[in-house]
Amino acid sequence: MEQSLVSQIYAQRSLEYSVRTSRVVGEMIDSINFQSLTFVIDVGSTTSASTVTIRHSDDQSTWTDISKDDTTLYDDGIYYDPNFPSGITDTRYQVGYIGKKRYVRVVVDGNNTIGVTHIWGHPERVPAFGERFKKQFPV
C-alpha cells in the first residue's frame, strides 16, 4: 500500500460507547472547513427498540432530523434508518452525511450499548489534524 488517508480525515467521538437507558444528545459538530462527514455507529447491543437520530441545523438552535436524501447509501444499498430493533448485537453502521447544513449532532434513545464516532473528510487544507490545522481552522 502506498497511500494513506491520515492527512485527509479527522475522527472524533460523538457519543462515548456506554450502556444507555435514556435519551442522550451528542455534542454539536461544526462541519466548516470540511467537505464530507461520516458517522460510524457501533452497536454493542439493543435490549429495547432504539433510535440513533442524526439532526442538523443552520443556526445551532433549530434542529431537524435528517432524511434519507441527506445521506449516502450504506449496508448493501440500504439508506440510513434511525430505528434499531431490540436484539441487535456487535454491529457497525456507516452513514455518510451529505446534507447542506453546517451543524450536525446525534441523539440516541432506548436501552442500548451504542457509541458513535464522526469522521470529517476532504478538509480545505491538509493535514486535517495537529496544531497548525487547529490554528488555521478551529473546529
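The model is predicted, so local features need pLDDT of at least 70, side-chain atom pairs count only at pLDDT 80 or more, and totals for chains, interfaces and linings use all residues. Residues are numbered from 1 along each chain as its sequence is written, and side-chain values use heavy atoms, with hydrogens and water left out.

User: What does the secondary structure of the protein come to, and what pattern does it follow along the sequence?
Analyst: Helices (H or I, at least four residues) and strands (E, at least two) are DSSP runs, numbered from the N terminus. Along the sequence, the pattern reads β-β-β-β-β-β-β-β-β-β-α.

User: Which order do the four strands of the open sheet take?
Analyst: Two strands pair if DSSP finds at least two bridges between them. S1 and S8 stand at the edges with a single partner strand each, so one side of each has no neighbour in the sheet. The pairing is antiparallel, and the order is S1-S10-S4-S8.

User: How many degrees does the twist of that sheet average from one strand to the next?
Analyst: Axes here are lines fitted to C-alpha atoms (for helices over the stretch in contact), and angles run from 0 to 180 degrees between N-to-C directions. From one strand to the next, the twist averages 15 degrees.

User: How many bridges join S1 to S10, and how many join S4 to S10?
Analyst: Strand S1 covers residues 9-20 and runs antiparallel to S10. S4 also runs antiparallel to S10. The count is nine bridges for S1 with S10 and eleven for S4 with S10.

User: Which residue of S10 is the bridge partner of Ala 11, and which one stands opposite Thr 38?
Analyst: Take Ala 11 to begin with: its bridge partner in S10 is Ile 119. Thr 38 also stands opposite a residue of S10, and that residue is again Ile 119.

User: How many residues of strand S10 are buried?
Analyst: Buried means under 20% relative accessible area, exposed over 50%, and partly exposed in between (1.4 Å probe, protein chains only). Strand S10 spans residues 112-123 and is largely enclosed by the rest of the structure, because its buried residues number ten of the twelve.

User: How many salt bridges does a search of the whole structure find?
Analyst: A salt bridge is a side-chain nitrogen of Lys or Arg within 4 Å of a carboxyl oxygen of Asp or Glu. One of them joins Arg 92 and Asp 42, at 2.5 Å from N to O. Across the whole structure, the search finds five.

User: How many residues apart in sequence are the parts tied together by Arg 92 and Asp 42?
Analyst: Arg 92 counts as exposed at 56% relative accessibility, while Asp 42 counts as buried at 14%. Arg 92 lies in strand S8 (residues 89-97) and Asp 42 in strand S4 (residues 34-46), so the pair ties together parts separated in sequence by 50 residues.

User: Which residue meets Asp 65 in a salt bridge?
Analyst: Asp 65 is partly exposed, at 47% relative accessibility. The salt bridge has an N to O distance of 2.6 Å, and the partner of Asp 65 is Arg 55.

User: How far apart are the closest N and O atoms of Lys 101 and Asp 58?
Analyst: Lys 101 is partly exposed, with a relative accessible area of 26%. Asp 58 counts as exposed at 53%. The two form a salt bridge, with the closest N and O atoms at 3.5 Å.

User: Which side chain of opposite charge is nearest to Arg 105?
Analyst: Arg 105 lies in strand S9. For charge, Lys and Arg count as positive and Asp and Glu as negative, while His and the chain ends are not counted. Arg 105 is buried yet has no salt bridge, and the nearest side chain of opposite charge, 8.3 Å away, is Asp 65.

User: Which residues is Arg 105 in contact with, leaving aside its neighbours within four places in sequence?
Analyst: Contact means heavy atoms within 4.5 Å. With those neighbours left aside, the residues in contact with Arg 105 are Val 25, Gly 26, Glu 27, Met 28, Thr 53, Ile 54, Arg 55 and Trp 63.

User: What is phi of Asp 90, roughly?
Analyst: Most residues other than glycine have a negative phi. Asp 90 is found in strand S8 and counts as exposed, at 69% relative accessibility. Although Asp 90 is not a glycine, its phi is positive, at about 40 degrees.
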